[in-house]
Amino acid sequence: MCRKEQNENGEIFRICREYLTLEQDEKGTITGGSFHYPENFNFAYDVLDRIAEKTPDKPALIWVGEDFSEKVFSFKDVSLLSMQAANFLAAQGISKGDRVALALRRNWQFWIIMMALTRIGAVSVMLNNQLLIHDFQYRFEKTGATAVICSAMDRT
């Protein structure tokens, strides 16, 4: 459902209304809908950055570690960190259309990398970080991944 967002000036906006039209019956039950978005739509720019602009301090991501510690990221945080990551990845040669294999543990960095790749226009190829070497090789070959981003894992 399309949530109401309110910026610091008290203005309410619903960014999803720009991209989604819902059909409802007389009781208000959703019966259908249609998406409409520009050909060059990019979630990171068109949604994340716009929400960060309107409600920069609103929590976007709350990550809980294995030790139950919490790390809270605002929309502004996610927007800026993903821009930095996108610039870094682009400097490494990753560009629009590239397939990038991701074998990341359940860390908050996963979400930053996903938004960074979205900004670039690269395609994320999700891999389980517990695969064996031959499993990784097979998936790299089949997907045509040109880059791999993975988490370090101590297996001792």
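Leaving aside its neighbours within four places in sequence, which residues is Leu102 in contact with? I would like to start there, keeping in mind throughout that this is a predicted model. Once those neighbours are set aside, the contacts of Leu102 are Phe110, Ile113, Met114, Leu117, Ser124, Val125, Met126, Leu127 and Ile149.

Leu102 also brings us to the largest nonpolar core, which has 29 residues, and in which Ile94, Val100, Leu102 and Leu117 are the ones with the most contacts inside it. At least two residues of this core are supplied by each of helix H1, residues 43-54, helix H2, strand S7, residues 99-103, helix H3, and strand S9, residues 147-150. The largest share, eight residues, comes from H3. Apart from this core lies another one, of six residues, and among them are Ala101, Ala103, Leu127 and Phe136.

Let me turn now to the two helices H2 and H3. Helix H2, residues 75-91, packs with helix H3, residues 109-120, at an angle of about 60°, and their axes are 8 Å apart. That angle makes H2 oblique to H3, and the crossing in which H2 passes H3 is right-handed.

On the H2 side, the residues that meet H3 are Val78, Ser79, Leu81, Ser82, Met83, Ala85, Ala86, Leu89 and Ala90, while on the H3 side they are Ile112, Ile113, Met115, Ala116, Leu117, Arg119 and Ile120.

Terms used:
Residues numbered from 1 in each chain as written. Predicted model: local features only at pLDDT ≥ 70, side-chain atom pairs only at ≥ 80, totals over all residues. Heavy atoms only, no water. Axes fitted to C-alpha atoms, helices over the stretch in contact; angles between N-to-C directions. Helix = DSSP H or I, 4+ residues; strand = E, 2+ residues; numbered from the N terminus. Parallel < 35°, antiparallel > 145°, perpendicular 65-115°, else oblique. Left-handed = near helix turned anticlockwise from the far one by under 90°. Contact = heavy atoms within 4.5 Å. Core = buried A, V, L, I, M, F, W, Y, C linked by side-chain atoms within 4.5 Å. Buried < 20%, exposed > 50% of the residue type's maximum accessible area, 1.4 Å probe, protein only.
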